Amino acid sequence: MSQTSPPPSGLLTQPLPRTMRAVVITGHGGLDVIEEREVPVPRPGPGEVLVRVHAAGCNNTDLWTREGSYGAAEDPDVRTGWLGPLDFPRIQGADVAGRVVASGDGAAAGPIGTLVLVDPAEYDGPGPDARPADVLGSERNGGFAEYVVVPSTRAHSVDDSPLTDVELAALPIAYGTALGMLDRGAVSEGHTVLVTGASGGVGLAAVQLAHSRGARVVAVCSSDKGEAVRSAGADAVVDRRGGQVLADAAGAAPEGYDAVVDVIAGAVLGPGLSLLRTGGRWVVAGALGGWAVDIDVRKLYLANLSLVGSTMHTPRIFDHLVEIARRGEVRPVVAATFPLGKVREAQAQLAQRRHVGKLIVVP
């Protein structure tokens, strides 16, 4: 049982416990580095708030950060997080929905009691299109815990959202990344869009968000997941295991695609440029199929095509995502929920990729 302590300098609605349950990784490695521990409840400093976590989403970045995979492309013997070496133990969990229970600013009583969706990024500058400089659950302790401290500017009120806490926790990384890709791909009503990896977190988010914009969506996924992806908003499905993805994708959109939203890359990217209409955009935010690709640059310049990289989201994109959440324009697909003590099982299921939708941890 957690013991309580006197209130810290910040404002509180009630005394906070001294300790909390949290799940940490003790280093880079397999599932065995995941441990549940009792740790001190963090205290918010100036410009920060303490959030009682209601739900926290799982992402592929949790797996790759735990495994240290981000350093492997340059040197197989180096293991790092997304933005470099990590300190351990580290509490993962970038996607957080919860309620503000304390503020590090004596005058900031307003946020206390507010249901918030947390932007997991801190940025490299003040502008609306700044890039992430660190990420919750990677460079800072995240939401696989009962409480988390976040910058108050990154805690967005969603009190008026019709979404559940679990649905809200599905949004930040996957839907923020997908929304950024659609933005860079200039996807709008009447466009035809191809989405690869459409049954995964980012891919399924892209299907839903593109559909909500009025685009016609062709989704690439395995046939056993096709019905679920159609239910999320895909107008047509291409079986990635059928052996002729490019031919089938071309058949589904004979006049070509305005944009391709791609999280797979690999062997499909180079020849796939022929699927685009003149002036089309191929937006890539992942390399599940391989990071080394061959491209005939003549396909790019002769048809005025754009090959665009897209990483996570910007402050402007996340603000847009919060508005989508407040209006309930999309309802995230949740495949399963897990109690805090089952993070290891959640990550094992995530790695198997047999599900459709998000996996959510509920402390």
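These are my notebook entries on a predicted model of one protein chain.

**Entry 1: the whole chain**

I began with the overall layout and counted 10 helices and 19 strands in the protein chain. I then looked up the radius of gyration, which is 21 Å; the globule rule gives 21 Å for 363 residues, so the chain is as compact as a globular protein of that length. Along the principal axes, the C-alpha atoms fill a box of roughly 65 × 45 × 40 Å.

Next I checked burial, and 52% of the 363 residues count as buried. The exposed surface comes to about 15100 Å², with carbon and sulfur atoms supplying 50% of it. I also looked at contacts between residues at least 6 apart in sequence: 69% of these join residues at least 24 apart. For charge, I noted 32 positive and 40 negative side chains, and the centres of the two sets lie 3 Å apart.

Is strand 4 mostly covered or mostly open? I found seven of the 10 residues in strand 4 (residues 48-57) buried, so I noted it as mostly covered, taking buried as under 20% relative accessible area.

Which strands pair with strand 4? I wrote down three of them:

- Strand 6 (residues 95-103) pairs with strand 4 in the antiparallel sense over eight bridges, and here Leu50 stands opposite Ala102.
- Strand 10 (residues 147-151) is also antiparallel to strand 4, over five bridges; Arg52 has Tyr147 as its bridge partner.
- Strand 19 (residues 358-362) joins strand 4 through two bridges, again in the antiparallel sense, and Ala56 stands opposite Val361.

I then turned to an open sheet of three strands, with the order 3-2-5 and antiparallel pairing. Strand 3 (34-40) and strand 5 (90-91) are at its edges with a single partner strand each, so one side of each has no neighbour in the sheet. I followed the pairing of strand 2 (residues 19-25) with strand 5, which runs over two bridges. Ile25 has Arg90 in strand 5 as its bridge partner.

**Entry 2: a cis peptide bond**

I looked at Pro89, which sits in the loop between helix 1 (60-67) and strand 5. The peptide bond joining Phe88 and Pro89 is cis, with omega about 0°. I flagged this one because most peptide bonds are trans.

**Entry 3: two positive phi values**

Asn304 has phi near 55°, and I placed Asn304 in the loop between helix 8 (297-302) and strand 17 (306-309). Met312 has phi near 50° and belongs to the loop between strand 17 and helix 9 (315-327).

Which of these is buried and which exposed? Asn304 counts as exposed, because its relative accessibility of 55% is over the 50% cut-off. Met312 is buried, because its relative accessible area of 9% is under 20%.

**Entry 4: Gln208**

My last stop was Gln208, in helix 4 (residues 201-212). Is Gln208 buried or exposed? The relative accessible area of Gln208 is 7%, so I put it down as buried. What does Gln208 touch, leaving out residues up to four places away in sequence? I listed Tyr175, Ala232, Val330, Arg331, Pro332 and Val333.

How values were computed. Residues are numbered from 1 along each chain as its sequence is written. This is a predicted model: local features need pLDDT of at least 70, side-chain atom pairs count only at pLDDT 80 or more; totals for chains, interfaces and linings use all residues. Side-chain values use heavy atoms; hydrogens and water are left out. Buried means under 20% relative accessible area, exposed over 50%, partly exposed in between (1.4 Å probe, protein chains only). Helices (H or I, at least four residues) and strands (E, at least two) are DSSP runs, numbered from the N terminus. Two strands pair if DSSP finds at least two bridges between them. The radius of gyration is taken over C-alpha atoms; the globule rule is 2.2 Å times the number of residues to the power 0.38. Contact means heavy atoms within 4.5 Å. Accessible areas come from the Shrake-Rupley method with a 1.4 Å probe; for residues, only the protein chains shown count as cover. Lys and Arg count as positive and Asp and Glu as negative; His and the chain ends are not counted. The place of a charge is taken as NZ of Lys, CZ of Arg, CG of Asp or CD of Glu.
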